[in-house]
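Hi everyone, thanks for making time for this.

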Amino acid sequence: MDGVGKQAGLSDEGATDLGQDRPHSARMYDYYLGGNTNYAVDREAAEAVIQRFPAIVTAARINRAFMHRAVRFLAAERGIRQFLDIGSGIPTAPNLHEVVQAVDARSKVAYVDTDPIVLAYADSLLTSSAEGETSYLEASVTNPEAVIDAVKEDGCLSFNEPVAVTLHALLHFVPDEQDAYGVVDRLLDALPPGSYLSLSHCTGDFAPESWQAIVDLYTQRGTPAQVRSHAEVLRFFDRLDLVDPGLVVAHRWRPAPASGPSLATDADASLYAGVAAKN
């Protein structure tokens, strides 16, 4: 998408009707990516973040590029054909199902989110290949049992076969008081052997003062946030076998030509990423 204005049909006047009268992390992320599906309140909050940490725009693009590489790797090299994308956010082409169905048209993807704006644009997440399947489910990562129940009821994915769960740029919005580690553990409990976890997570390791200001800004505007250190992010993979190169800054995870910003520093990214198997 091009530019940072409003998308046709998404007016600021309609914000309250959808309960979107305060900034939302998914729409702020859309703004960082240059998208149009955001309100004035989101743009104001996003610009406040950009003032404190201009590289947030680069970090968002690095995260998106990591997602593309990670799921393509899982589909092409590990043979995964089922993907559970939690915190899917506002559709931004190419979406996850488009990446994995380009590898194998039979791939199935279940998207999960709670933002009504994401629901309003869910049609963009449901353009599956004829051989595959996509589904959109409304549930919160903070209630993993509800996520798993919704997937089972929907029937798009089967937990009798390996599933890749993707938690991209999500868990920094699940602070410790919401039991982020327990959330991941309970999701993993539902997966059969041969499944995978793909995860990316913002960190303050490289620019602690800037990231504390960002956390405070999100929290003050109604979205609790918590960045974590390398050791703290690594803990999410305790039960799993990390794929090489392990947990690294996101643009260093299996980089590919023309895959995201090429001249970014670790501080620009400020995002750890990894993929791991459940055996």
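This is a predicted model: local features need pLDDT of at least 70, side-chain atom pairs count only at pLDDT 80 or more; totals for chains, interfaces and linings use all residues.

Let's start with the charged pairs. How many salt bridges does a search of the whole structure find? The count is ten, and I've picked a few to show you.

Take arginine 81 and aspartate 104. Their closest N and O atoms are 2.8 Å apart, and the two form a salt bridge. This pair links distant parts of the chain, 23 residues apart. On one side, arginine 81 sits in the loop between helix H3 (56–76) and strand S1 (82–86). On the other, aspartate 104 belongs to the loop between helix H4 (96–103) and strand S2 (108–113).

Are these two partners buried or exposed? Arginine 81 has a relative accessible area of 26%, so it counts as partly exposed. Aspartate 104 has 10% and is buried, because buried means under 20%.

Next, have a look at arginine 252 and aspartate 266. Their side chains meet in a salt bridge, with 2.8 Å from N to O. Arginine 252 lies in the loop between strand S7 (248–249) and helix H10 (266–269), while aspartate 266 is in helix H10, so the pair ties together parts that are 14 residues apart in sequence. Arginine 252 is partly exposed at 47% relative accessible area, and aspartate 266 is partly exposed too, at 22%.

One more pair before we move on: aspartate 179 and arginine 186. Here the N to O value for the salt bridge is 3.4 Å. Relative accessibility is 38% for aspartate 179, which makes it partly exposed, and 29% for arginine 186, also partly exposed.

Now to the nonpolar side of things. The largest nonpolar core has 93 residues. Which element gives this core its largest share? That is H3, with ten residues. The residues with the most contacts inside the core are Tyr32, Phe83, Leu84, Ile86, Leu167, Leu197 and Phe236.

Let me zoom in on one of them, phenylalanine 83. Leaving aside residues up to four places away in sequence, phenylalanine 83 touches several others, including Val71, Leu74 and Ala75. Also among them are Leu96, Val100, Val109, Leu157 and Ala164.

That's my tour, and I'm happy to go back to any of these spots on the screen.

Key:
Residues are numbered from 1 along each chain as its sequence is written. Side-chain values use heavy atoms; hydrogens and water are left out. A salt bridge is a side-chain nitrogen of Lys or Arg within 4 Å of a carboxyl oxygen of Asp or Glu. Helices (H or I, at least four residues) and strands (E, at least two) are DSSP runs, numbered from the N terminus. Buried means under 20% relative accessible area, exposed over 50%, partly exposed in between (1.4 Å probe, protein chains only). A nonpolar core is a set of buried Ala, Val, Leu, Ile, Met, Phe, Trp, Tyr and Cys residues joined through side-chain atoms within 4.5 Å. Contact means heavy atoms within 4.5 Å.
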